[in-house]
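Colleague: Before we look at the model together, could you take me through how you read a pocket and a sheet?

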Amino acid sequence: MIRLVEEAHRARWLGGATAPAVGARFRGYHRNGLRRWVTTCRITDADPSRCLAYEVTAPLGVPISRWQYEIASTAEGCIVTETNWMRAPLWFVPLAILVTGIFDRIGVNSTNISATLQRLKHHLESPLPSVADSSQCSDRPVG
């Protein structure tokens, strides 16, 4: 998912976690232009093929938000719903604006959710390259 989202560009597991499970934590690395910041996330819900949710905190444990991804099966495939709840205390908002450069966090998150879901849809509906296609790439340099 990290390749599909707008602000986050890297994540790494913390405390020995290696996969999503309730209680697992990960560090998120984010960017907006030249601005960079980190968050710590703790998974609160992890039901494969149904739901993944996590709470986000800033350094010093300041609550920021909660993100949730719900997957519902349909006759044609599935519907993915991404939801965000802001949890930051009001006193933290000016600092968050200074760090991120984003004045309308709720509006930006809404726009980013739409972009993420469109990218996810495109990714999941794109045909996988065939073995013949992958062999044509073997002469290309890596990196």
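Colleague: Which element gives the most to the lining of the second largest pocket?

Modeller: In general, rolling a probe the size of a water molecule over the atoms shows where empty space is left. In this predicted model, the element that gives the most to the lining of the second largest pocket is α2, with 5 residues, and α2 (105-125) and β6 (78-86) each supply at least two. The residues that line this pocket are C78, I79, V80, L117, L120, K121, L124 and E125, and its volume is about 230 Å³.

Colleague: How many nonpolar, polar and charged residues does that lining have?

Modeller: Sorted by class, the lining has 6 nonpolar and 2 charged residues, with no polar ones.

Colleague: What is the order of the strands in the open sheet?

Modeller: As a general idea, strands of a sheet pair through backbone hydrogen bonds, either parallel or antiparallel. Here the open sheet has 6 strands in the order β1-β2-β3-β4-β5-β6, and the pairing is antiparallel. Because β1 (8-14) and β6 stand at the edges with a single partner strand each, one side of each is left without a neighbour in the sheet. From one strand to the next, the twist averages 25 degrees. Between β1 and β2 (residues 25-32), the antiparallel pairing extends over 6 bridges, and W13 stands opposite F26 in β2.

Colleague: Which strands does α2 lie across?

Modeller: Helix α2 lies across β3, β5 (63-73) and β6, and runs at about 160 degrees to β6, whereas α1 (residues 93-100) lies across β2 and β3 (35-47), at about 115 degrees to β3.

Key. Residues numbered from 1 in each chain as written. Predicted model: local features only at pLDDT ≥ 70, side-chain atom pairs only at ≥ 80, totals over all residues. Heavy atoms only, no water. 1 Å grid on protein atoms, 1.4 Å probe; cavity = no way out; pocket = protein on both sides within 12 Å on 5 of 7 lines; lining within 4 Å. Points joined across faces, edges and corners; volume = space filled by probe spheres on them. Helix = DSSP H or I, 4+ residues; strand = E, 2+ residues; numbered from the N terminus. Nonpolar A, V, L, I, M, F, W, Y, C, P; charged D, E, K, R; others polar. Pairing = 2+ DSSP bridges. Axes fitted to C-alpha atoms, helices over the stretch in contact; angles between N-to-C directions. Contact = heavy atoms within 4.5 Å.
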